[in-house]
Structures are given as structure tokens and as C-alpha cells.
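Dear colleague,

Please find the structure below, together with my notes on how its parts meet. I would be glad if you could read the notes with the model open beside you.

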Amino acid sequence: MILTVVLVVTGCYTNFEPDIESRPVLCMNSLLVPGEPLTVSLTRTWRWSEGEPDYNLDIIVRDAEITYTVNGSQCGTLTFDNKKYRADYIPEPGDHVVLSAHSDKYGDATAEVTVPVAVAIDRVETDVLDITESISVDSDTLWEIKANFKVWFTDPGDQENFYLFGYDFYNPKGMTVPINPDDPWGNRYYCFGLAYCSALDYEQEPIFGEHIGVIETLFGDSYGYSMFSDRTISGKSYPLRISAPRLSYKLFDPTDNPELRTSSINMILYSISKGYYRHLLGLWERNEGMAGSIGGSGLGDAVWDVSNVSTGAGVVAARTAAVYPVQVYPLVISNR
Amino acid sequence: MKKLAVSICVALAAFSAGAQNVTVDAVNRPAAKVFAELMEHSGKNFVYSGSLLRGMRVTVKAVDRPIAEVLDMMFRGTDIRYKVRGNNVILSRREKPEPRRVTVNGFVREAGSGEALIGAIVTDSASRAATVANNGGFFSMTLPEGTTVLTVSYPGLESFSTGRIKLHSPLTLNVEMGEPSHTLAEVVVTAAKNRSLAMESSNVGVVNLSRDAIASTPTIFGESDIIKSLQHEPGVSAGVEGLAGMYVHGGDSDENLYMLDNIPLYQVNHLGGLFSAFNTEAIRNVDFYKSAFPAKYDGRLSSFMDVHTRDGSLESHHGSFRLGLTSGSFNLDGPIWKGHTSYSIALRRTWYDLISIPILAMVNHDNPDEKTRGRYSFMDLNLKVNHHFSPRSSAHVMFYYGDDYLKSGSSSDVSVNHDGWFDDSTTRLHWGNLVFSAGWKYVFSPSIFGEITGAYTRYGSSMYYKYYSGERRDGEIVSWSDERIDSDNNIHDWILRADFDWRPVPGHTVNFGAGYTRHSFLPGRSTRSVKTDDMLVTATDSVWSYRADEANVYIGDDWRPCDRWRVNIGLHGSLFSINGSTHAALSPRCAARYTINDRWAAKASYSRTSQYVYQLAQSVISLPTDQWMPILPGQKPQTADKIAAGVYYAPDERWTISLEGYYKWMRNIVEYRDEYYTITPGMGWAARMTEGRGSSRGLDFKIEKSVGKFTGHISYSLMWADRQFPDKNHGRRFPARFDNRHKINIALNWKISKKWEMGAAWTGMSGNRITLPTQCWEDPGLGPWDYDMVYATDINNYRLPFYHRLDLSFTRHTKHGFWNFSIYNAYCHLNTISVYRDYDSNDYQWVTLPDGTAMLYSRPVFQKVGVIPLIPSISYTWLF
């Protein structure tokens, strides 16, 4: 049996150059975020065997003209500066932005996007399942917390919405304080509060897997992908079930400074544009899904990355964040 | 020499219309001369065809008798009559009275086994009429009363002759035919039958394969396979290397209707298509239609394959046991009640798991903290019982069960003696078919044969996944989670059908029938649940299920208006009702054959077919997740129109040469739309699909030698196939995946001696088409990781290199069985099945980045991937 399997799966790989013509076109990438100036990365597509942009291939298109309109009004031209085209315009939620690029060498590219309005996180319910406490040789205290969170939000229901869940941590700046307050020039403590974890666990939330087929659930990997649509929750209040299997919080503050106890884990619900969402779906399918695996081997329909630019290359996306901080210290205090 | 009379005297009297007397005295004189004199003397015009009186002599003596009386005397006892019209006397040949007709019917069976000999030809020497035994071995023909000789022939078997018999009353003729004294190679039997199909049948593109012909085709792992045998036919693309794919005349795999004793099978593959679901040991023969379709068949666009299973011998028990590299099979058949009831059972099963389970057990024994589980097997069970109530009545029960089973899993527990994590995962997949049918065959009258069948057929797949993990502290489980996925995907059909074979008058064979099918579709329902020590989350992905009703009626007439012409005209009507929406389709069929002379024949045909169900498959590999779907409201039935024509030349009994051409138009065919993966599964499959059209055209050329120690065929196909969908490839037409422009097959069989036989099969064809994106674009950085972005391209824009392969097989017959040695891909040509974008692991170089950093760089390259080298295999079959 083993011999048979070995014989069948032993492949012979031969380098070659397929006789297919490929013509470079413009690729336009931009992520519009409220509060941040508009920037556009304008590059060209390249043939796979041509080289690696990070190494030996310059794909940046510097001599193009990029114009943009906001809500139907022509607003101006972007200028090239440090690898990107930039404008002073700062997007706001609800803005409809159209980007048009022209290059004498690579042709035209256009794309449009509407900056989504953030959907607030109503509340976060926290359930601490387990907590352990240990004190290190450096006298700081380490708590390891296992907790489940329910991140409640209400989908507006008036339109098609797309979301991306994320998180980050807020940690106050550490500070050095004298061990003896009467001796400010004597030995000093470094006081800090630091919350962190390697990753939150999304496996318990089925809506993150709505794009995953059954067999992909068995053989694919959904790790890192947390986009979803409101198709099944339109107009409803819904809790995202997030788990923190090992949330760590380290504190050293003999001074009992409240500022140092403000560490939080920030639950972020991004409202994302449709092009952003579709791009993520395509990204997951091509790299983790069954269609990507089969298509990539030539045994099924081809899977490529999804673009909303007229040339088929690049993504002009937008996202607006709603942030809900969950204070860590109170969790520790109330559950230890 | 007879003495002729020398005197004649004709006296003329008053002549009036209808009343004129004449005198005539002739003894054995040529009639033409006597009439010439009568014309001269009576003034009447005698009108007759020159050939009418040729060779006729008359003896008549009349003196002054009315001309009518004289004519009565002259023509008494002959078949000539006359009519007086004014001054004209019109002579004509009297129509012969129709001889009384009698019906001869019966069954043609194989001696010993009692198996029906489908396609046996019964010929009447007197009238030169002929008929063909149907699928039950039944034949019926109505013949003129009189003396004749009836002969029954079947390729490869000793012809049967009644000798001179006098037909004067209905006759039942049950014939048993045995092997001739000079045994031919079994493959000859089939080939000769195909010669008969080529020259006699009106249908274009018909192939019949016997079990032995299938078994003699060299295949991968030595596992004989119907579909892999048919892959050698012109116009049939094999799909991907090594798999039992079948793409007929540019069609897709779900456009073939596979039938087991006329009952549909939905999933015909094991192990992703490496083997088909048909166990050769259970098969009697196969009818395969690829161009012109009898009215009986509908429901698919491209081809119909009806596999006839063995009935079992009524006389004695037979069996075989085969052991090969991948599977073993056991076959037994014989009488339950001698002469009345027979059985046939065939079981095939892989035996990989018999090795893998103990190997894994040994591996796991050495590593108590981590255990690995794995198992794969497939099996087929065919069972058939036949009972003959009387010569006119018989019944059968048929059962088929095919199953693939894949299980994998692992567990690790580092916390047996201390704190830590543990997990346990299990995945189980089952998929396969179940068919049960019961039928009753009855000869309702000497000219009507009928079969009534009730059946149930099911394809289903189920998947189960469980992942249990947790943490243990001080021997106590402090946290855990239990994730489970259950998924089902199936289609159930309940079928009731009646098929009749009626031979009303000589030259006509009328097939008619009706059927009803109740379909139930569950095209993928899955439930996922995650349970932890404090939470349960359950989600059901899809809740769709459908029921549909399908009704069919058909009638077809195979008509021989004369020796040279044979015409088959039919009509198949169908209704398909789902969710209150009803679709109707009429599918006309027409085929005609003209025999130019004994060596040449020409045919042409037109067929329309309709298809109400289709398969959702993401790949050309057969996966358990492939779902059968009905057309839904808003969708139209898929239809195809196909015209085909062919010329056939058979210089003698050994050779047949054919050239067939076809053009096929397909409408409302369904495929995944571009970027379908951006539509989540929960939105329904219809949203992921696009309806469009396709066409295919081509030529099939075949030279076949069917008799002798050295037999085989050489074929060449020239094919084009394309598709066009509004939501695919920007609406532009694109070539089909298996648009294999040229395909050449050479299949040879050499019966070296009584003990040794050799088979060789060479296949060469233009490569399959794949979609090969050549360009990349800059990663916008929106995903969780960095990727190379793939730029969209035209569909099927690249043709893989020319595919070619030689397979060999050697058979050594022994006293109790035979050994088979086969070599797949004998000259070890690794055919390209795919193209990857990868980095050249043999070409690293240092590059300096703009910031001055030196990095090791590997060149990105396109790579052709070739698989499946030379694979030898061996099997032994013990016959008893």
C-alpha cells in the first residue's frame, strides 16, 4: 500500500515558461480610514516569473496622475511622495470616494468606495472562567485569565453591512518612581501594568465561519479571519462570542497609581466596505479553502484574488472602527 | 419439345361494346402471339405490360364465343385478370392474396448460464426479415406462412438453425446458444458485436462492451473498469490522469447517465475517481450511447451508459476469487432452483485498511501520549436473484451497495500524569450508492414483451467531525471544549416504470413506456456546535431540501422499410415539477441508416435531450461533497441538440472502419460563476452558479479488427468544445476544460497461445485546459497575513502538454484461473496534470535591497507537475 501511495504521489516538477502573453496593468491599493489622510499605492502587475517586488523588481508607478472625487465633487489630484500618492483629504463616514488613475504606460484604473459608518459595540459581557496568580522573582504579579466575552452590537438593518472583528490592547506607559519618595534621586522602581495575549480564539463564533464550507471546516484553517456580513443578523442585536484562553496581565506598582491600572483589551468592530469584505473572502478561499487548493492545482475552477478596481488589480477599501475597551484590572480584582 | 398447334382461325362477327364473338384455336402457343391475332381480328386494343405475358403459353379452343368467355378460358388458373374499358382490354397481374401470417417469438439465452443474449439476431430465410433480441433476450417477428429456415446468430457463439420448418401456426422458439467448437478470444465477441452495431443499427455512436472486453483493457493497478475501458473510445475524454472520468463529446461529467440495469446511479466513483463503482465481475455487458439516443433514454445531455448485471446460471454454480494490489473480489452465481431460479453475487473490497490498522496500532503503541488513527476502504456488493415462472414470465430482484469510508483522527494527552492540555479529534466520511430494484418481465402476447420495474436509488454522503480539547490540572479537567460538525448530503429516488417492446408487423419494432420518479434532494445540511464548560453554540448552515416529481413517457419505432433502409424515430416527453413550478420537455429522436452495399453503410441522426438535475462539483476529482441539485424556480431545464452522421465500411467480417461527425448545442448548462467564493455558502448554491450555453463538434474515426488472434482498434478524435456564461470570463466564450483537440487510442489484444494473452493500450491526446494566472499584483495588506496576489485571467487559457501513455497487460491462463500482470504507463512518461507557481529551490542568489541589506533570493518560476510513473501490478483470479 505504501509503495502504491508513494508511486502515485511522487511528482515531477519541471520549470518552464508558459506561452501566455501577459500585459501589465495598473494596480491601485488604498485603505480609507476616517481621520487619516487619503493615500494610494499605485503599482503595476507583474508576471510571476519576472521577479520579486521586495527583492529585485520595482513595480511602483511614479509618473501617473490620480484624481479623486468625494460625493460627486471633483476634489483634486494626489501627489506622489515616498512610494505613495497622497492627498490632504481626510475621509469621513458616509463619504463616497472615486479614485481614477492614468498612466501613459499602463493605462487607466478606477475604483470607488463608500466609507462605512461605524456600528457601536453596545456592551461586552465578560465571564472569567479561571484565573491564576503568581508572583515573580522581580515581585511583579502575573495573572493568567481564561475568559469568554460576548461582544454585543446591533446591526442597523437599513443596508447591507460588512464587519471585521479585531482587538488590540491599551497599556499605560510605565513609569519609574523612587523607592523612597523622600529620596527622589535614590533607587527607583519601574512600575507598569501590561495586558497581553498571543491571540483571541474565534472558534466558538459561528458567524466567522459563514464563508466556510463543510469540508473546508474539516481540512481548512480559519485562523485569523474574522470578517462577516449581516446576512443572517440584519437589524438584530447579536453577541460575538470571543474567547481568551490565556489572557495575561502583569502588574508591578507598589505606588498604587490608578493610572497604571488602566490596561484594557479593546474590542474593535470594524465596519468595512463591500470590496474589503469580498477581498477577504477571496483571500481566505484561495489560501485556506478547498476551492483554492483545488483550483491552484489545476483540478478545479481557478481562484484568484478579488479586486474592486477596474483593471482587476488592487483594492480600494474603507473601514471605520468602533472600539469598546474592557478594563483588565477590574476583572482580576473581582475574580481572583 | 412440345409440338405447337399450327392452326388458328379467328372469325369476326358483329362487334359491339362488350359483346363481340370470336373464334380461336390455339394449343400451347405463346400468349403474346395469340393476343396479337385477337387484336388484329377483334379491333380491340389489348393493353398490358410487356413482361406480363413473357414466357406464357395458352391452350384455348372457342368457336364464335364472346370475347369475355374466351379471355376467361385463357386466364383460368393464372394470376392475370382483365378489364374491358371501352375499346380497350386492360390486362394486369392479379394481386396475390396475402399469405396468412404467423408470429414466432421466444427467448435467446446462453447455454449453460441461461443469461439473456441481448442483441442476438433472428433471421427468416424466406422473407429475409430479421429482428433483434431485446434486453430480456426476447424476440418476436410475424412471418408469412410457409416453409422457411430460421437462424439465430450472436457474435462469438455457435449460430442456431431450425432447419426447414413449415410455419402454419404461432411458434414459440426458445434458443440456447453455446460457444463454437473453435473458441475465439473473448474480446472478439464484443468487437464482432460492435461491427454488427456499426453496420446494422440505425444509431450513430453506439458501443457495446462485454465483461471480458472490459477485463482485457489494461488499467492502473490492474483494476479493470468499465469507464476506463470506455475512455479508449473516440470522442470520450478521460479527464485527469488515472481517474475514471468520462467527458463525452465535450460534455461534463454530470451529463452522463450511468445506469445499473436501467436504474440511475448518481455517484460512480471510489477514491476520488481512481476506481469506478462498477465491479467488473458483476457485469454481463454495457451499452453505451454517445451520439444518437434511443427514445427510452433521457435526463442527461451527453451520454447514456446502461450496465447489465449478470443474472446467474440456471444450471450450475460458478465462481471466482480475485486478489489484486488494491482490492479483492469474490463472485458466485448459480441456480437456487435448477432451471427456474438463479442468483448472482459479487463482492469487491479494498484491503488497505487490513494493513494500515495494525501498522498504526504498532506506531501508537510506542507513543502513548500521541495516537494517530486512519483508515480508508471501499466496497461494492452486487446481488441479483432471477426467477422464471414460465417461459413467458420471469422476475428479478437486484441490490447494489457501494460505500467509501474514510476515517482519520489523532489524540494527544500530555497531562496523563501532570497538568497540561489534551485533545482528541475524529473525522469520519461515508459516501456511496444504494440501489434496490424489483422487476417483472412478461410476454403479454407473442408480439408484446413488457417489463415493469420498481426501484429505489440513493446517493449519500455524510461527514462527522469531533474535536474535544481541554486542560487538566492536578488530575482534574478545569476547562474543555467540544466541537462537532455533522453534515449530510444525499439524493433519493423512488422509481416506477414500465417498458414495452412491441413487434406489430414485420419491419417494425416499437418501444414504448412510461415512468415516474419521486426525487428527494438534501444537497448539503450541516450542523456545527461548539460546547464548552459554560456555553453551547449551535449553527445549522443550510436547511434546504427539495422534493420533485418527474414523469416520462416515450415511444420509438425501429423501422425497416426495406433492406437498405432502417429508420428509428422516437419521442421522449417529460415533466418535472418542483416547488409548484413545472417544466415540460419534448425530446424528439431520429436516426436513419442506409446500406449502400454489403460493405458500406451511412447513418445520420438527430437527438434532443433534457436534464433536470445537475451536480455541483468544485473539482474534477470526485469528492463526497459533490451535490446533486434539481433545477430550481428561475432556472430552466438543460437541453442539448445533437446532430451526428457517419460512414461505415466493413470489407469483411474482420474489419470495421467508421467515421462519425457530430455537432452539439447545449443550453442552460450550469457552472460556478467567477469569484463564486465571495458568495457565502449560506446564501444558497443558486447564487453561486451561472447559466449559460456550450457547444461541441468533432469527428470520431475508428478502425477495428474483430476476428482473429490479433484484434483491437485504432481511433482518432478531433474535438472542439466551448462554453459561454454571462457571469464567467466576462461573458466571453472560452474553451471547455476537456477541449482535447486531438485524441488517439490504440488498443490491441494478442492471443499468443492458449495460455498467454497480451493487451496493449496507448493513449495520446492534446492536454487538458487549465486556468493559469500568470500575473500578480501588490498585496493591499488587508488580510491577516502577507500573500502574493493572483491576478485574474481568461478561463482555461492554457493547454497542458500533450498527454501520452502506454499500458500493457499479460494474462497467463492456468488450470484453475489466470494471472494478470499489468504495467500502467509502461515507458514512465510523467504526464503533466497541473502547473504551479513556485520558487526554484535550485536557484538561489544574493540580492542587495535598496537599503543595502543583502538577502538570499529564490527565483519565482512556473512548474509543470507530472505524476503517476510506471506502476506494475499483479492479480490472480481463481475460477471455480
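Domain 2 of chain B and domain 3 of chain B bury about 1300 Å² between them, and 51% of this lies on carbon and sulfur atoms, where buried area is the accessible area (1.4 Å probe) that two parts lose on being put together, summed over both. On the domain 2 side, Phe107(B), Phe138(B) and Thr142(B) lose the most area to domain 3 of chain B, together 30% of what that side buries.

Before going further, please note that this is a predicted model, in which local features need pLDDT of at least 70 and side-chain atom pairs count only at pLDDT 80 or more, while totals for chains, interfaces and linings use all residues. Residues are numbered from 1 along each chain as its sequence is written, chains are lettered from A and ligands numbered from 1 in the order in which they are written, and side-chain values use heavy atoms, with hydrogens and water left out.

The domain assignment of chain B gives domain 1 (15-93), domain 2 (101-177) and domain 3 (318-749 + 758-766 + 788-879), the bounds coming from an automatic or database domain assignment. The contact between domains 2 and 3 of chain B (heavy atoms within 4.5 Å) takes 17 residues from domain 2 and 16 residues from domain 3, and the centres of these two domains, taken over C-alpha atoms, are separated by 38 Å.

Across this domain interface the rule finds zero salt bridges, a salt bridge being a side-chain nitrogen of Lys or Arg within 4 Å of a carboxyl oxygen of Asp or Glu. Six residue pairs, both at pLDDT 80 or more, are in polar contact there; the term stands for a pair of N or O atoms within 3.5 Å, of which, within protein, one must be able to donate a hydrogen and the other to accept it, and residues adjacent in sequence count only if both atoms are side-chain atoms. The elements giving two or more residues to the domain 2 side are β7 (101-110), β9 (130-132) and β10 (138-144) of chain B, and β7(B) gives the most, with five residues. Strands here are DSSP runs (E, at least two residues), numbered from the N terminus.

Turning to the two chains, their contact takes 95 residues from chain B and 94 residues from chain A. The area buried between them is about 8400 Å², of which carbon and sulfur atoms give 64%, and Tyr677(B), Trp777(B) and Leu782(B) supply 10% of the area that chain B buries against chain A, more than any other three residues. Three salt bridges are counted between the chains; one of them joins Asp301(A) to Arg737(B), with the closest N and O atoms 3.8 Å apart. The rule also finds 24 residue pairs in polar contact across the chain interface, both residues at pLDDT 80 or more, and strand β54 (residues 854-867) of chain B supplies the largest share of the chain B side, 12 residues.

With kind regards

Notes: Helix = DSSP H or I, 4+ residues; strand = E, 2+ residues; numbered from the N terminus.
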